[in-house]
Amino acid sequence: MTAAEIRQQFLDFFASKGHHIVPSAPIVVKNDPTLLFTNAGMNQFKDLFLGNKPAPYKRVADTQKCLRVSGKHNDLEEVGIDTYHHTMFEMLGNWSFGDYFKPEAIAWSWELLTEVYKLPKDRLYVTVFEGDAKEKLPADSEAAGEWKKYIAEDRILMGNKKDNFWEMGDTGPCGPCTEIHVDCRTDAERAAKPGHELVNNDHPQVIEIWNNVFMQFNRLKDGTLEPLPARHVDTGMGFERLVRVLQGKQSNYDTDVFMPVIHATEKLCGKKYGETEKTDIAFRVIADHIRAICFTIADGQLPANNGAGYVIRRILRRAVRYAFSFLEVKKPLLHELVPTLADQFAHVFPELQQQVDFVKKVVFEEENSFLRTLDSGLSRIEALTNAKASNAGTTTTDDKITSSAATTAATIDGKIAFELFDTYGFPIDLTNLIASEKGYQVDMAGFEAEMKKQKDRSRAATELDMGDWTILQDQPSGVFVGYTELETAAKVLKYRKI
Ligand code: ATP
Ligand code: MG
Ligand code: MG
Ligand code: MG
């Protein structure tokens with residue numbers, strides 16, 4: 001089954017269960033001070049969950065473009081290193097706004113996975129919320145009861161608050177969730193060790209694919225829960241993970257979601273995917289990052305020096321550096337991948353095809369401009385780390401690298417990190433990445449001090465990212481208005497870091 005067929009089957013299945021199929025919301029969130037990018041399928045429905053707007057349809061389903069690179073969900077560091085976290089990914093979802101609840105949601109998840117997609121039942125595990133006495137949260141015995149109708153009891157695992165309870169903020173709508181995990185290991189591996197303890201344990205072949213959230217409580221200020229008048233279902237399934245499981249691959253990148261871009265990259269750099277771990281990581285990072293870059297630009301967010309635009313610039317520069325250092329391509333390459341993606345997604349996200357020349361041009365300009373300083377910046381780091389190595393741990397006046405007893409790794413001075421940022425255009429996370437590859441760390445306090453000295457280029461109030469979102473509790477109406485002051489301060493600091 002191709003990825004396109006798998007996506008369509010999901011939508012068709014939920015259409016057959018009375019769901020209205022809606023388009024993906026843009027990946028870039030405008031007019032919401034708490035969120036820069038869509039990070040879950042539910043974001044576009046938040047007003048419906050909060051009761052601020054009536055739901056035009058009781059049941060909807062879609063595939064949503066998501067980006068998890070900032071705020072509550074930041075998977076950037078995993079990308080390319082692991083094989084199932086992406087910056088940009090599609091989240092397939094079905095929703096009930098005050099309509100069906102646990103019995104239907106669980107029955108349909110099971111039906112879709114085992115009857116439509118024909119996943120073997122003995123590869124599946126589900127988790128349900130075990131309860132949390134300290135937080136006065138009850139166990140989800142209803143979900144467990146529903147699952148018992150379909151799956152062997154020893155495959156129903158109890159999960160903690162972190163994995164199996166969703167809440168909007170400290171107060172407001174919340175509820176337990178139940179997740180479905182797939183064991184993709186070989187038969188021999190599964191026989192040797194059952195998958196139970198590998199669930200939610202970062203095992204690359206035992207992966208979470210689908211989360212079903214049941215919004216049923218309203219959490220009050222004193223921590224008590226009251227039932228919501230209308231209960232909702234909010235689900236999210238990672239499309240790329242589903243495709244990987246159904247296509248029997250070891251990695252999301254080996255599927256027809258990513259291989260077209262990987263093949264296009266191979267042609268451009270003359271290297272092959274699968275040759276060395278180092279080049280493979282570069283292939284994966286590029287295949288991942290170019291999607292994030294293309295879809296955010298196509299949704300109206302240009303790379304820039306602050307806010308959402310700077311997030312995109314950081315991702316793009318990160319990809320350029322992987323191509324430059326590990327695939328040894330010293331000229332712009334990423335823009336050449338744009339048409340491949342545009343063709344591939346023309347039937348599902350036509351916005352990229354419609355603007356392909358524009359997106360290509362923006363990406364070209366960006367990589368071209370960073371390539372002008374990348375080499376000198378890298379040489380600067382190289383010289384510093386070499387100087388450090390030859391000085392064998394002593395501090396010199398001009399190399400700005402110190403090794404103190406207080407730090408375990410050698411440290412790159414904050415002033416140098418700032419110079420790399422300011423003069424060479426190195427986002428601080430890129431400097432951190434390169435430093436860590438060489439066994440160094442960056443003096444972040446020093447870097448931030450330098451940043452503070454410079455005029456603040458970001459207008460913090462419009463650049464906050466609070467995770468899903470939070471509610472200002474003191475509003476008598478209880479409607480969503482923004483963020484708390486405390487959180488604002490924290491986020492301002494966070495954003496000043498980059
Ligand atoms: P994980 O524990 O693997 O990080 P999650 O619990 O953070 O996933 P949810 O917030 O529950 O993920 O999102 C719903 C689904 O979206 C997940 O079950 C997974 O299939 C998919 N998903 C989440 N994050 C990513 C990502 N970074 N890349 C690809 N798919 C993802
Ligand atoms: Mg996660
Ligand atoms: Mg999880
Ligand atoms: Mg989850």
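A residue counts as buried here if 20 or more other C-beta atoms lie within 10 Å of its own, with the C-beta atoms placed from the backbone. Keep in mind throughout that this is a predicted model.

With that cut-off in hand, select helix H3, residues 102-116. Which residues of H3 are buried? They are Lys102, Ala105, Ile106, Trp108, Ser109, Trp110, Leu112 and Leu113. If you now show what covers these buried residues, you will find H1, strand S6 (124-129), helix H4 (141-148), strand S9 (172-183), S10 and S11 among the elements there. The length of H3 can be checked as well: at 1.5 Å a residue its 15 residues should span 21 Å, and the end C-alpha atoms are 20 Å apart, which agrees. After H3 comes Lys118, whose phi is positive, near 60°.

Next, colour the protein chain by its domains, domain 1 covering 3-246 and domain 2 covering 260-374. The centres of the two, taken over C-alpha atoms, are separated by 29 Å. Where they touch, 19 residues of domain 1 are in contact with 19 residues of domain 2. On the domain 1 side, helix H1 (3-16), strand S2 (59-67) and strand S3 (69-70) each supply at least two residues, and S2 gives the most, with three residues. This side of domain 1 is made up of 11 nonpolar, six polar and two charged residues.

Now turn to the largest nonpolar core, which has 115 residues, and select Ile290, Cys294, Ala319 and Ala323, the members that touch the most others. Helix H9 (residues 277-298) contributes the largest share of this core, 12 residues. Domain 1 and domain 2 both give residues to the core, so it lies between them. To follow one member, centre on Cys294, which, leaving aside its neighbours within four places in sequence, is in contact with Val338, Leu341, Leu352 and Val359.

Finally, select ligand 1 and the 16 residues around it, of which Asp75, Phe89, Asn211, Gly236 and Gly238 come nearest. Strand S5 (88-97), strand S10 (206-219), strand S11 (225-238) and helix H7 (239-246) each supply at least two residues of this shell, and the largest share, four residues, comes from S10. Coloured by class, the shell around ligand 1 shows six nonpolar, five polar and five charged residues.

Methods:
Residues numbered from 1 in each chain as written. Chains lettered and ligands numbered in written order. Predicted model: local features only at pLDDT ≥ 70, side-chain atom pairs only at ≥ 80, totals over all residues. Domains from an automatic or database assignment. Contact = placed C-beta atoms within 7 Å. Nonpolar A, V, L, I, M, F, W, Y, C, P; charged D, E, K, R; others polar. Near = placed C-beta within 6 Å. Core = buried A, V, L, I, M, F, W, Y, C linked by C-beta atoms within 7 Å. Buried ≥ 20, exposed ≤ 12 C-beta atoms within 10 Å, placed from the backbone. Expected span 1.5 Å × (residues − 1).
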